[in-house]
Amino acid sequence: MPVTARLQGSCCAPMDRHRYGEQIEALKKYAAIPEIPPDPYDIAAGTAQKAMRYYDLALSPDEQRAYQYAMDNSDERGPCCCQCWRWRVYGGLGKFLIREQRFKGEQLVDVWNLSSGCGGGAEHHHG
């Protein structure tokens, strides 16, 4: 895809407007990191392509522990609910954030949970 193309829509279920609004608002705290898409339902192909380049990156043992923590503790038990393009994009983004931004596992869980593009809202609960 051309870098200017857009990857849009939800993965598995219709979008929930209320949850979507919460996601957009909460993702603003990561606005200083341009690699984190501000809208999980509208991602520039160039941003996705950059993140995917990190997907096969071998992590150090400490970095791998942070990544595994996110895999074990995110709402979807990974970067997405299924191993689609979004899994590779957000999996690669996770490795980028751990390697280049020194994210801890807990921080990656937050990004993945806020960036869920699976759709739906029934499983979402306010804390």
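**Entry 1**

Buried means under 20% relative accessible area, exposed over 50%, and partly exposed in between, with a 1.4 Å probe and protein chains only. The core holds 29 residues, of which I36, L93 and L97 touch the most other members. I then listed the elements that give two or more residues to this core: helix 2 (45-52), helix 3 (61-73), helix 4 (85-100) and helix 5 (105-114). Helix 4 supplies the largest share, seven residues. In soluble globular proteins, nonpolar side chains tend to be buried together.

I next followed I36, taking contact as heavy atoms within 4.5 Å. Leaving aside neighbours within four places in sequence, I36 is in contact with L27, Y30, L93, L97 and V111.

**Entry 2. Basis of the values**

I note that residues are numbered from 1 along each chain as its sequence is written, and that side-chain values use heavy atoms, with hydrogens and water left out. As the model is predicted, local features need pLDDT of at least 70 and side-chain atom pairs count only at pLDDT 80 or more, whereas totals for chains, interfaces and linings use all residues.

**Entry 3. Overall fold**

I recorded five helices and two strands in the protein chain; these are DSSP runs numbered from the N terminus, helices being H or I of at least four residues and strands E of at least two. Along the sequence the pattern reads β-α-β-α-α-α-α. The radius of gyration is 14 Å, close to the 14 Å that the globule rule gives for 127 residues, so the chain is as compact as a globular protein of that length. I note that this radius is taken over C-alpha atoms, and that the rule is 2.2 Å times the number of residues to the power 0.38. Buried residues make up 44% of the 127 residues.

**Entry 4. Q23**

I found Q23 in helix 1 (residues 17-27). Q23 counts as buried because its relative accessibility is 1%. Not counting residues up to four places away in sequence, Q23 touches P40, Y41, N113, L114, S115 and S116.

**Entry 5. W85**

I found W85 in helix 4. At 34% relative accessibility, W85 counts as partly exposed. Beyond residues up to four places away in sequence, W85 touches L7 and I43. I also looked up the separation of W85 and L7: they are 78 residues apart in sequence and 9.8 Å apart in space, C-alpha to C-alpha.

Note on methods: A nonpolar core is a set of buried Ala, Val, Leu, Ile, Met, Phe, Trp, Tyr and Cys residues joined through side-chain atoms within 4.5 Å.
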